[in-house]
Amino acid sequence: MDVLVTGGTGRLGQRLIGPLQAAGHSVKQMSRRGTGPGGVRGDLATGRDLGSAVAGAEVIVHAASDPRGDPWQVDVAGTRRLVEAVDRDRLRHLVYVSIVGVDRIPYGYYRAKFAAEQVLLASGLPVTLLRVTQFHDFVDLLLDTARRGPVLPVPMGWRVQPVDVGDVAEHIGTVIAAPPAGDVVEYGGPEELSAADLARSWVAARSPGTHVVATPVPGKLGAAFRDGAACPTGGARGRRTYAEHLRRPAH
Ligand SMILES: NC(=O)c1ccc[n+]([C@@H]2O[C@H](COP(=O)([O-])OP(=O)(O)OC[C@H]3O[C@@H](n4cnc5c(N)ncnc54)[C@H](OP(=O)(O)O)[C@@H]3O)[C@@H](O)[C@H]2O)c1
(Lines give C-alpha, C1' and ligand atoms only; values in the text may rest on other atoms or scores of the structure.)
Protein backbone atom coordinates (compact mmCIF):
# COMPACT_ATOMS: atom_id res chain seq x y z
CA MET A 1 0.00 0.00 0.00
CA ASP A 2 0.98 3.66 -0.39
CA VAL A 3 1.81 4.77 3.14
CA LEU A 4 2.52 8.30 4.34
CA VAL A 5 4.21 8.75 7.71
CA THR A 6 3.89 12.26 9.14
CA GLY A 7 6.67 13.09 11.58
CA GLY A 8 9.00 10.83 9.61
CA THR A 9 12.11 12.49 11.04
CA GLY A 10 10.96 12.01 14.63
CA ARG A 11 11.87 9.48 17.30
CA LEU A 12 9.09 7.12 16.20
CA GLY A 13 8.86 8.13 12.54
CA GLN A 14 12.49 7.19 11.83
CA ARG A 15 11.89 3.72 13.24
CA LEU A 16 8.74 3.18 11.17
CA ILE A 17 10.12 3.48 7.67
CA GLY A 18 12.26 0.29 7.61
CA PRO A 19 9.62 -2.14 8.94
CA LEU A 20 6.92 -0.67 6.68
CA GLN A 21 9.13 -0.99 3.61
CA ALA A 22 10.12 -4.52 4.66
CA ALA A 23 6.40 -5.37 4.81
CA GLY A 24 6.15 -4.38 1.14
CA HIS A 25 4.62 -0.93 1.49
CA SER A 26 5.64 2.05 -0.59
CA VAL A 27 6.51 4.63 2.07
CA LYS A 28 6.73 8.42 1.95
CA GLN A 29 7.65 10.27 5.11
CA MET A 30 6.76 13.87 5.70
CA SER A 31 8.44 16.57 7.74
CA ARG A 32 8.98 20.30 7.37
CA ARG A 33 12.40 19.72 5.82
CA GLY A 34 11.49 16.65 3.79
CA THR A 35 14.81 14.97 4.61
CA GLY A 36 15.62 11.26 4.85
CA PRO A 37 14.67 8.27 2.72
CA GLY A 38 11.33 8.80 0.94
CA GLY A 39 11.23 12.28 2.47
CA VAL A 40 8.67 14.82 1.27
CA ARG A 41 8.05 18.32 2.56
CA GLY A 42 4.80 19.26 4.29
CA ASP A 43 4.08 21.75 7.06
CA LEU A 44 1.09 21.08 9.30
CA ALA A 45 1.33 24.53 10.90
CA THR A 46 0.87 26.41 7.63
CA GLY A 47 -0.53 23.80 5.26
CA ARG A 48 2.39 24.41 2.91
CA ASP A 49 3.08 21.43 0.57
CA LEU A 50 0.58 19.33 2.54
CA GLY A 51 -1.61 18.55 -0.48
CA SER A 52 1.24 17.12 -2.53
CA ALA A 53 2.65 15.20 0.46
CA VAL A 54 -0.68 13.52 1.18
CA ALA A 55 -1.65 12.85 -2.46
CA GLY A 56 -2.16 9.15 -3.19
CA ALA A 57 -1.91 7.94 0.41
CA GLU A 58 -3.91 4.80 1.19
CA VAL A 59 -2.60 4.66 4.74
CA ILE A 60 -1.42 7.54 6.90
CA VAL A 61 0.49 7.07 10.13
CA HIS A 62 0.12 10.49 11.73
CA ALA A 63 3.09 10.80 14.09
CA ALA A 64 3.99 14.48 13.68
CA SER A 65 3.75 16.63 16.77
CA ASP A 66 5.15 19.80 18.26
CA PRO A 67 5.18 19.39 22.05
CA ARG A 68 7.75 22.08 22.67
CA GLY A 69 6.36 24.62 20.18
CA ASP A 70 2.69 25.21 19.52
CA PRO A 71 0.78 21.91 19.72
CA TRP A 72 -2.56 23.68 19.20
CA GLN A 73 -1.32 24.92 15.83
CA VAL A 74 0.54 21.78 14.73
CA ASP A 75 -1.29 18.93 16.46
CA VAL A 76 -4.86 20.26 16.48
CA ALA A 77 -5.20 22.75 13.60
CA GLY A 78 -2.56 20.74 11.70
CA THR A 79 -4.60 17.56 12.06
CA ARG A 80 -7.62 19.48 10.75
CA ARG A 81 -5.53 20.56 7.73
CA LEU A 82 -4.44 16.96 7.21
CA VAL A 83 -8.07 15.78 7.30
CA GLU A 84 -8.95 18.36 4.63
CA ALA A 85 -5.99 17.36 2.45
CA VAL A 86 -6.52 13.58 2.29
CA ASP A 87 -7.98 11.85 -0.74
CA ARG A 88 -11.11 10.34 0.85
CA ASP A 89 -11.68 7.97 -2.07
CA ARG A 90 -8.24 6.46 -1.66
CA LEU A 91 -7.59 6.55 2.10
CA ARG A 92 -8.21 3.21 3.83
CA HIS A 93 -6.77 3.82 7.27
CA LEU A 94 -5.35 6.74 9.28
CA VAL A 95 -3.55 5.78 12.48
CA TYR A 96 -3.05 8.66 14.89
CA VAL A 97 -0.28 8.22 17.45
CA SER A 98 -1.58 9.61 20.71
CA ILE A 99 -0.62 9.13 24.36
CA VAL A 100 -2.16 6.97 27.10
CA GLY A 101 -3.89 9.26 29.59
CA VAL A 102 -4.58 12.25 27.31
CA ASP A 103 -8.20 12.06 28.47
CA ARG A 104 -7.32 11.87 32.18
CA ILE A 105 -4.15 13.86 32.81
CA PRO A 106 -4.53 17.66 33.14
CA TYR A 107 -1.53 18.78 31.12
CA GLY A 108 -1.63 21.31 28.27
CA TYR A 109 0.10 19.17 25.62
CA TYR A 110 -2.15 16.21 26.47
CA ARG A 111 -5.23 18.44 26.10
CA ALA A 112 -4.05 19.30 22.58
CA LYS A 113 -3.53 15.60 21.75
CA PHE A 114 -7.02 14.83 23.04
CA ALA A 115 -8.45 17.67 20.92
CA ALA A 116 -6.66 16.27 17.85
CA GLU A 117 -8.27 12.89 18.57
CA GLN A 118 -11.68 14.59 18.56
CA VAL A 119 -10.91 16.22 15.19
CA LEU A 120 -10.21 12.77 13.75
CA LEU A 121 -13.25 11.10 15.34
CA ALA A 122 -15.47 13.83 13.87
CA SER A 123 -13.80 13.62 10.44
CA GLY A 124 -15.66 10.57 9.19
CA LEU A 125 -12.31 9.12 8.07
CA PRO A 126 -11.35 5.48 8.79
CA VAL A 127 -9.24 6.10 11.88
CA THR A 128 -7.53 4.30 14.73
CA LEU A 129 -6.45 6.43 17.69
CA LEU A 130 -3.45 4.55 19.04
CA ARG A 131 -2.62 5.79 22.53
CA VAL A 132 0.91 4.75 23.46
CA THR A 133 2.90 5.12 26.70
CA GLN A 134 6.24 6.95 27.00
CA PHE A 135 9.07 5.68 24.77
CA HIS A 136 12.17 4.37 26.55
CA ASP A 137 14.40 6.87 24.70
CA PHE A 138 12.14 9.70 25.82
CA VAL A 139 12.37 8.52 29.45
CA ASP A 140 16.18 8.59 29.13
CA LEU A 141 16.02 12.16 27.86
CA LEU A 142 13.66 13.27 30.65
CA LEU A 143 15.88 11.76 33.34
CA ASP A 144 19.04 13.20 31.84
CA THR A 145 17.42 16.64 31.68
CA ALA A 146 16.08 16.41 35.26
CA ARG A 147 19.49 15.61 36.77
CA ARG A 148 20.98 18.45 38.84
CA GLY A 149 24.64 17.66 39.42
CA PRO A 150 24.80 14.59 41.67
CA VAL A 151 21.02 14.62 42.38
CA LEU A 152 18.18 13.32 40.26
CA PRO A 153 14.80 14.48 41.61
CA VAL A 154 11.85 12.35 40.41
CA PRO A 155 8.13 12.66 41.15
CA MET A 156 7.17 10.58 44.17
CA GLY A 157 4.73 7.72 43.51
CA TRP A 158 4.22 8.32 39.79
CA ARG A 159 3.30 5.13 37.94
CA VAL A 160 4.43 4.63 34.35
CA GLN A 161 4.68 1.82 31.83
CA PRO A 162 7.22 2.87 29.19
CA VAL A 163 7.59 1.06 25.89
CA ASP A 164 10.34 0.48 23.39
CA VAL A 165 9.95 2.61 20.29
CA GLY A 166 10.96 -0.37 18.12
CA ASP A 167 8.08 -2.38 19.59
CA VAL A 168 5.72 0.53 18.85
CA ALA A 169 6.91 0.69 15.23
CA GLU A 170 6.39 -3.05 14.82
CA HIS A 171 2.94 -2.83 16.40
CA ILE A 172 1.90 -0.03 14.07
CA GLY A 173 2.65 -2.38 11.16
CA THR A 174 0.05 -4.75 12.62
CA VAL A 175 -2.45 -1.95 13.29
CA ILE A 176 -2.39 -0.61 9.73
CA ALA A 177 -3.03 -4.10 8.34
CA ALA A 178 -6.18 -4.49 10.49
CA PRO A 179 -9.48 -2.69 9.89
CA PRO A 180 -9.72 0.82 11.42
CA ALA A 181 -10.94 0.66 15.03
CA GLY A 182 -12.87 3.94 14.74
CA ASP A 183 -11.94 4.48 18.37
CA VAL A 184 -9.14 4.54 20.93
CA VAL A 185 -6.76 1.57 21.25
CA GLU A 186 -4.00 1.52 23.88
CA TYR A 187 -0.48 0.13 23.71
CA GLY A 188 2.12 0.08 26.47
CA GLY A 189 5.30 -1.53 27.70
CA PRO A 190 5.53 -4.90 29.44
CA GLU A 191 5.75 -3.66 33.04
CA GLU A 192 4.41 -0.93 35.28
CA LEU A 193 7.11 0.82 37.29
CA SER A 194 7.41 3.78 39.61
CA ALA A 195 9.29 6.81 38.34
CA ALA A 196 11.84 6.26 41.14
CA ASP A 197 12.45 2.63 40.07
CA LEU A 198 12.98 3.77 36.49
CA ALA A 199 15.36 6.47 37.65
CA ARG A 200 17.39 4.04 39.79
CA SER A 201 17.79 1.68 36.80
CA TRP A 202 18.82 4.58 34.59
CA VAL A 203 21.33 5.86 37.15
CA ALA A 204 22.92 2.41 37.51
CA ALA A 205 23.35 2.11 33.73
CA ARG A 206 24.02 5.68 32.63
CA SER A 207 24.96 7.88 35.56
CA PRO A 208 26.58 5.92 38.42
CA GLY A 209 26.93 7.86 41.65
CA THR A 210 23.86 10.05 41.07
CA HIS A 211 21.34 10.03 43.93
CA VAL A 212 17.67 9.55 43.12
CA VAL A 213 15.44 11.70 45.33
CA ALA A 214 11.70 11.07 45.18
CA THR A 215 9.94 14.43 45.50
CA PRO A 216 6.20 15.00 46.12
CA VAL A 217 4.33 16.72 43.28
CA PRO A 218 1.19 18.46 44.55
CA GLY A 219 -1.88 19.19 42.46
CA LYS A 220 -4.09 17.35 39.99
CA LEU A 221 -1.31 16.49 37.54
CA GLY A 222 0.69 14.70 40.23
CA ALA A 223 -2.42 12.94 41.52
CA ALA A 224 -3.31 11.66 38.04
CA PHE A 225 0.13 10.10 37.53
CA ARG A 226 0.03 8.58 41.04
CA ASP A 227 -3.42 7.12 40.24
CA GLY A 228 -1.96 5.35 37.21
CA ALA A 229 -3.64 7.53 34.56
CA ALA A 230 -0.55 7.17 32.36
CA CYS A 231 -0.74 3.35 32.40
CA PRO A 232 -2.83 1.49 29.83
CA THR A 233 -5.96 -0.36 30.90
CA GLY A 234 -6.19 -2.49 27.77
CA GLY A 235 -4.54 -3.22 24.43
CA ALA A 236 -1.43 -5.12 23.48
CA ARG A 237 1.98 -4.89 25.19
CA GLY A 238 5.50 -4.42 23.90
CA ARG A 239 8.13 -7.04 24.79
CA ARG A 240 11.28 -5.13 25.59
CA THR A 241 11.62 -3.96 29.20
CA TYR A 242 13.29 -0.73 30.27
CA ALA A 243 16.11 -2.77 31.85
CA GLU A 244 16.72 -4.49 28.50
CA HIS A 245 16.70 -1.13 26.76
CA LEU A 246 19.36 0.13 29.17
CA ARG A 247 21.62 -2.85 28.43
CA ARG A 248 22.14 -1.43 24.94
CA PRO A 249 24.78 1.30 24.67
CA ALA A 250 23.39 4.87 24.81
CA HIS A 251 23.43 6.69 21.48
N1 LIG B 1 7.94 10.52 22.80
C2 LIG B 1 7.15 9.73 23.49
O3 LIG B 1 7.53 9.17 24.55
C4 LIG B 1 5.74 9.48 23.03
C5 LIG B 1 4.91 8.59 23.74
C6 LIG B 1 3.62 8.34 23.29
C7 LIG B 1 3.15 8.97 22.14
N8 LIG B 1 3.96 9.85 21.49
C9 LIG B 1 3.44 10.50 20.28
O10 LIG B 1 4.07 9.89 19.19
C11 LIG B 1 4.26 10.83 18.14
C12 LIG B 1 5.73 10.84 17.75
O13 LIG B 1 6.51 11.22 18.88
P14 LIG B 1 8.09 11.44 18.73
O15 LIG B 1 8.66 11.43 20.10
O16 LIG B 1 8.61 10.50 17.67
O17 LIG B 1 8.11 12.93 18.17
P18 LIG B 1 9.37 13.83 17.80
O19 LIG B 1 10.63 13.04 17.89
O20 LIG B 1 9.23 15.09 18.61
O21 LIG B 1 9.12 14.17 16.25
C22 LIG B 1 8.14 15.05 15.87
C23 LIG B 1 8.00 15.00 14.35
O24 LIG B 1 6.98 15.95 13.97
C25 LIG B 1 7.47 16.71 12.89
N26 LIG B 1 6.87 18.04 12.91
C27 LIG B 1 6.92 18.98 13.91
N28 LIG B 1 6.27 20.08 13.53
C29 LIG B 1 5.79 19.86 12.27
C30 LIG B 1 5.05 20.63 11.34
N31 LIG B 1 4.68 21.90 11.60
N32 LIG B 1 4.72 20.08 10.15
C33 LIG B 1 5.11 18.81 9.85
N34 LIG B 1 5.82 18.02 10.69
C35 LIG B 1 6.17 18.55 11.88
C36 LIG B 1 8.98 16.78 13.10
O37 LIG B 1 9.62 16.97 11.86
P38 LIG B 1 10.54 18.24 11.49
O39 LIG B 1 10.90 18.94 12.79
O40 LIG B 1 11.71 17.60 10.80
O41 LIG B 1 9.67 19.04 10.59
C42 LIG B 1 9.26 15.35 13.60
O43 LIG B 1 9.40 14.47 12.50
C44 LIG B 1 3.76 12.19 18.69
O45 LIG B 1 2.46 12.43 18.23
C46 LIG B 1 3.74 11.98 20.20
O47 LIG B 1 2.73 12.73 20.83
C48 LIG B 1 5.23 10.11 21.88
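This is a predicted model: local features need pLDDT of at least 70, side-chain atom pairs count only at pLDDT 80 or more; totals for chains, interfaces and linings use all residues.
1. Residues are numbered from 1 along each chain as its sequence is written. Helices (H or I, at least four residues) and strands (E, at least two) are DSSP runs, numbered from the N terminus.

2. Which residues of α1 are buried? They are L12, G13, R15, L16, I17 and L20. Here, buried stands for 20 or more other C-beta atoms within 10 Å of a residue's own, exposed for 12 or fewer, and partly exposed for anything in between, with C-beta atoms placed from the backbone. Just after α1 comes G24, with a positive phi of about 95 degrees.

3. Setting aside residues up to four places away in sequence, R15 touches V165, G166 and A169; contact is taken as C-beta atoms, placed from the backbone, lying within 7 Å. Between the C-alpha atoms of R15 and T133 there are 16 Å, and the two are 118 residues apart along the chain.

4. Now to the packing of α1 on α6. Two packed helices are described by the angle between their axes and the distance between the axes. For helix α1 (residues 11–22) and helix α6 (residues 165–177), the axes come within 9 Å and cross at roughly 50 degrees. The axes are lines fitted to C-alpha atoms, for helices over the stretch in contact, and the angles run from 0 to 180 degrees between N-to-C directions. Angles under 35 degrees count as roughly parallel, over 145 as roughly antiparallel, 65 to 115 as roughly perpendicular and the rest as oblique; α1 and α6 are therefore oblique to each other. Their crossing is right-handed, a term for the near helix being turned clockwise from the far one by less than a right angle, with anticlockwise being left-handed.

5. Who makes that contact between α1 and α6? On the α1 side it is R11, L12, R15, L16, P19 and L20, and on the α6 side V165, G166, V168, A169, E170, I172 and G173. Sorted by class, the contact of α1 with α6 has 8 nonpolar, 2 polar and 3 charged residues. The classes put Ala, Val, Leu, Ile, Met, Phe, Trp, Tyr, Cys and Pro as nonpolar, Asp, Glu, Lys and Arg as charged, and the others, Gly among them, as polar.

6. Helix α3 (residues 71–85) and helix α4 (residues 108–121) have axes that come within 9 Å and cross at roughly 10 degrees, which makes α3 roughly parallel to α4. P71, W72, D75, V76, T79, R80 and V83 of α3 meet Y109, A112, K113, A115, A116, V119 and L120 of α4. This contact of α3 with α4 has 10 nonpolar, 1 polar and 3 charged residues.

7. Helix α5 (residues 136–146) has H136, V139, D140 and L143 as buried residues. Seen down the axis of α5, these fall within an arc of 105 degrees, so they line one face of the helix; the arc is that of the directions from the helix axis to the C-beta atoms. The cover over the buried residues of α5 includes β7 (151–155), α6, α7 (195–206) and α9 (242–247). On the face turned away from the buried side of α5 sit the exposed residues L141 and T145.

8. Two loop residues deserve a mention. H25, in the loop between α1 and β2 (26–31), counts as partly exposed because it has 19 C-beta neighbours inside 10 Å. Leaving aside neighbours within four places in sequence, H25 is in contact with M1, V3 and L20. D49 is found in the loop between β3 (39–41) and α2 (50–54), and has a positive phi of about 65 degrees although it is not a glycine.

9. Finally, two arginines. R247 lies in helix α9 and counts as exposed, with 9 C-beta neighbours inside 10 Å. R200 has its place in helix α7 and is partly exposed, with 17 such neighbours inside 10 Å.

Terms used. Two residues are in contact if their C-beta atoms, placed from the backbone, lie within 7 Å.
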